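Here are some notes to read beside the model. Keep the structure open and find each part as it comes up.

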Amino acid sequence: MLDKKVIVVTGGAGVIGQAFISGIARKGGIAVVADVNASAAVRVAEELRKTGPGSVEAAELDITSKQSITALIEDLMRRHGKIDAVVNNAYPRNKNYGRPLEEVTYEDFCENVDSHLGGYFLVAQQFCKAFKVQGYGNLINMSSIYGSMAPRFEVYDGTPMTMPVEYAAIKSAVVHLTRYFAQYFKGAGIRVNCLSPGGILASQPASFLDAYNSHCASKGMLSAGDVVGALLFLLSDDSRYMTGQNLFVDDGFSI
Ligand SMILES: NC(=O)c1ccc[n+]([C@@H]2O[C@H](COP(=O)([O-])OP(=O)(O)OC[C@H]3O[C@@H](n4cnc5c(N)ncnc54)[C@H](O)[C@@H]3O)[C@@H](O)[C@H]2O)c1
């Protein structure tokens with residue numbers, strides 16, 4: 001399905017990134033774990049290398065640094081002669097991220113929007129420039145259901161969790177950046193789509209899971225592996241005529 005396609009996953013050492021890398025390698029792709037945490041990227045690549053028939057590589061990448069992004073692009077072009085796709089999947093946040101609305105400072109809001117949304121823009125801009133020269137390319141941006149729907153704050157009652165206000169600003173912008181890039185690069189062989197998962201299981205409190213799951217159709221909160229099929233579809237030629245779209249994978253939570 002992805003035979004020998006060179007596919008970069010930013011934040012590839014994270015929860016969803018690892019599932020993506022494993023799925024890409026299983027389908028025969030050359031998966032690049034590109035993460036600011038270089039040692040985690042190496043560890044993940046070593047662990048997932050055996051999931052082949054494809055292969056897994058590790059790379060250090062800071063999505064907020066133009067120099068870091070262009071160095072990765074140049075290295076992959078030199079070694080593989082092409083880059084087929086990039087998945088904008090990293091999740092930068094500062095130490096104050098996730099505070100309740102009233103406690104978010106202007107500085108923290110801007111810093112989180114800068115690194116996450118700004119980083120997604122920079123990755124998209126630099127890879128699409130390289131894709132344009134090469135004549136083709138596939139960009140997939142990770143948004144979230146919360147890029148399109150208002151939060152259901154009541155599911156967080158009785159927990160210290162919330163849906164951060166920065167996240168709403170960032171992820172809704174990611175959906176629209178997707179449309180902007182898709183429109184801008186029409187005719188250049190470049191497709192740009194967005195993937196919007198619901199919440200992902202990560203040892204959340206039972207009360208939260210019960211409340212969350214009551215809005216779902218069958219399983220409830222999904223695991224990272226449950227989102228992989230949609231990513232592989234967007235990466236593959238099966239979706240060759242899709243661009244500018246936003247695919248939800250949330251077991252119905254958002255409807
Ligand atoms: N986990 C969820 O519930 C969920 C739901 C919907 C969407 N998403 C989205 O999926 C994506 C991945 O989320 P996750 O839960 O796997 O996150 P995660 O925190 O598990 O992993 C994020 C990875 O990004 C890396 N990273 C952070 N800053 C970076 C930078 N500047 N440059 C490069 N890498 C950097 C981290 O080192 C980490 O390995 C994010 O876009 C997130 O918003 C997550």
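1. Start with the largest pocket. This is a predicted model, and its largest pocket holds about 1200 Å³ of space. Empty space of this kind is found by rolling a probe the size of a water molecule over the atoms.

2. The lining of the largest pocket counts 44 residues. Nearest its centre lie Ile 16, Tyr 91, Arg 93, Tyr 97 and Tyr 167. By class, 27 lining residues are nonpolar, 13 are polar and four are charged.

3. Which elements supply at least two residues each of that lining? They are α1 (15–26), β2 (30–35), α4 (106–134), α5 (165–184) and α6 (206–213). Helix α1 gives the most, with three residues.

4. Now find the second largest pocket. Its volume is about 160 Å³. It is lined by 13 residues, with Lys 5, Asn 138, Arg 191, Leu 235 and Asp 237 nearest the centre. Here the lining has four nonpolar, four polar and five charged residues.

5. Turn to strand β4, residues 85–88. In a regular strand, side chains alternate between the two faces of the sheet. On one side of β4 sit Ala 85 and Val 87, and on the other Val 86 and Asn 88. All four are buried, so both faces are covered.

6. Finally, check the neighbours of β4. Strand β1 (residues 6–10) runs parallel to β4, joined by three bridges. Ile 7 has Ala 85 as its bridge partner in β4. Strand β5 (residues 137–142) is also parallel to β4, with four bridges. There, Ala 85 partners Asn 138. From β4 the chain crosses through α4 to β5, and this β-α-β crossover is right-handed.

Note on methods. Residues numbered from 1 in each chain as written. Predicted model: local features only at pLDDT ≥ 70, side-chain atom pairs only at ≥ 80, totals over all residues. Heavy atoms only, no water. 1 Å grid on protein atoms, 1.4 Å probe; cavity = no way out; pocket = protein on both sides within 12 Å on 5 of 7 lines; lining within 4 Å. Points joined across faces, edges and corners; volume = space filled by probe spheres on them. Nonpolar A, V, L, I, M, F, W, Y, C, P; charged D, E, K, R; others polar. Buried < 20%, exposed > 50% of the residue type's maximum accessible area, 1.4 Å probe, protein only. Pairing = 2+ DSSP bridges. Right-handed = clockwise from strand over helix to strand, strands pointing away.
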